[in-house]
Amino acid sequence: MEFKVLIVDDENEFVEVYSLLLKQRGYKVKGVTSPIEAIDILNDEYYPLVMVDLVMPEMDGIEFLKKVKSRFGNSVEVIIVTGFGTIENAVNAIKLGAFSYYIKSSNPESLISEIEKAKKIYELKEENFTLKSGLSEDDVLLKTTDPKMIEIYNIIDKVANSDCSVLITGESGTGKEVIAKYIHKRSKRSIAPFVPINCKAYPVTLLESELFGYEKGAFTGALACKAGKIEEANGGTLFIDEIGELDQEIQVKLLRVLETKTVERLGANKKREIDFRLISATNRDLEKAIEEGDFRLDFYYRINTVSMHLPPLRERKNDLPNLINFFIDKFSRKMNKVLDFSSDVLDILMNYEYPGNIRELKNIIERIFILCEENVSRDDILRCIQSKNQNKIKDFDEKKEILTFEEAKENFEREYFKRLYEYTKGNLSAISKLSGLSRRQVFNKVKKFSLK
């Protein structure tokens, strides 16, 4: 795993020597002599570790440390470097969030040791996020043959490393949070927190305090200070689900946060600098909500720099085989159980409409693994689909019983030539003689029905 280090020191010789030393150890290194330039670099490119000199003319190392921690939180670690080390300076730097403190006259191996520690922490954070989110580049849920989903992933490729606000729309259960996590995972903020909040999960009064946090005594029951979701997302991504349900008063406050990059807890008179990327999701038609006066136009424009609409599962049936296999494999490993899905069962899973989209497919297969032991039957599927949707299977069964003439003819031909192929052990001349067709016609049928 690549680990990048940014070196900031007004002494060009130090930058060159330590850049060479770290590159020889396999690190990717960039060195600059200006702390202001370094801040600009961090805004455009993610570096998990920065080495910064304590004494510089444009900005000292402590001020630089404060700016980095305010803007990027714990996603960026900082090692303070100086030629004049004192215990007081070291303690002060650590209190302000520095990872460690290095004196230039010390053995370089002690610095390498600290960098190795920072790298291990970075790798653990990366692994922990992957485990928690359940996402990876090879996740079958991220693979698609659907043109609409391919376009969505093309958009993600373009916006992932920017800080623009993203609005994800689509029916309930289409995987909006999965896409939001994937954008975060692909971004320069991937090591920092991904903080989700669902607007439907809280009443208006509680939602405000959950988002913005509060000071002790701000309201009845506020017995201690509490950081809100916005502060928790500092340096990372805030995901607001069901944003269409957000009260207009909170819309105004959140708009101010997005514009000023500061947040104020309830009951406080002090603003805190904040840096996060906003991803929102909704199944509402926000443009219609604006026309009806339920949603603010200025807020809509602020959260909708880039938008993407997730199609319902019934409109991306080509992805169903991969999704079905993914969930079967997932729950087989999770429950240490192997089930036999008959062709009839798989037929139903492939032709069901899924009004609850991917979430419903996942729940159906999970229930199958909970309730079944070895073989999965049609009755098992009926037990695992909500009763209000079972008529959709009956409709499918009725349609299945009445075939068109061409469908019935093709089914007959497939079975007929399959039996001839097995009987003659694949001898095309024998099949030609038994069927009364030419060898060329027999060859075409064998090819058409994939009998080889």
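Is arginine 272 buried, partly exposed or exposed? Arginine 272 is partly exposed, with a relative accessible area of 29%; buried denotes under 20% relative accessible area, exposed over 50%, and partly exposed the range in between (1.4 Å probe, protein chains only). The model is predicted: local features need pLDDT of at least 70, side-chain atom pairs count only at pLDDT 80 or more, and totals for chains, interfaces and linings use all residues. Residues are numbered from 1 along each chain as its sequence is written, and side-chain values use heavy atoms, with hydrogens and water left out.

**Salt bridges**

- The structure holds 29 salt bridges, each defined as a side-chain nitrogen of Lys or Arg within 4 Å of a carboxyl oxygen of Asp or Glu.
- Arginine 272 forms a salt bridge with glutamate 215, with 3.6 Å between the closest N and O atoms. Arginine 272 lies in strand S12 (residues 272-273) and glutamate 215 in the loop between strand S8 (213-214) and strand S9 (226-227), so the pair ties together parts that are 57 residues apart in sequence. Helices (H or I, at least four residues) and strands (E, at least two) are DSSP runs, numbered from the N terminus.
- Aspartate 157 and arginine 186 meet through their side chains in a salt bridge (3.0 Å, N to O). Because aspartate 157 belongs to helix H6 (residues 147-159) and arginine 186 to helix H7 (residues 176-186), this pair ties together parts 29 residues apart in sequence. Aspartate 157 is partly exposed at 46% relative accessibility, and arginine 186 is partly exposed at 26%.
- A salt bridge also joins the side chains of arginine 189 and aspartate 163 (2.9 Å, N to O). This pair links distant parts of the chain, 26 residues apart: arginine 189 is in the loop between H7 and S7, and aspartate 163 in the loop between H6 and strand S6 (166-170). Arginine 189 is buried, with a relative accessible area of 4%, whereas aspartate 163 is partly exposed at 36%.
- A network of salt bridges links Asp9, Glu11, Asp53 and Lys104.

**Surface charge**

- A patch of negative charge on the surface gathers Asp10, Glu37, Asp40, Asp44 and Glu58. Patch residues have over 30% relative accessible area and no salt bridge, and like charges are joined within 9 Å.
- Aspartate 44 is located in helix H2 (residues 35-44) and is exposed, with a relative accessible area of 66%.

**Asparagine 198**

- Asparagine 198 is in strand S7 (residues 194-198) and is partly exposed, with a relative accessible area of 28%.
- Not counting residues up to four places away in sequence, asparagine 198 touches Asp241 and Glu242, a contact being heavy atoms within 4.5 Å.
- Asparagine 198 and lysine 119 are 79 residues apart in sequence and 34 Å apart in space, C-alpha to C-alpha.

Notes:
Patch = residues over 30% accessible without salt bridge, like charges linked within 9 Å, V, L, I, M, F, W, Y side chains within 5 Å. Areas by Shrake-Rupley, 256 points an atom, 1.4 Å probe, with all protein chains shown as cover. Lys, Arg positive; Asp, Glu negative; His and termini not counted. Charge placed at Lys NZ, Arg CZ, Asp CG, Glu CD.
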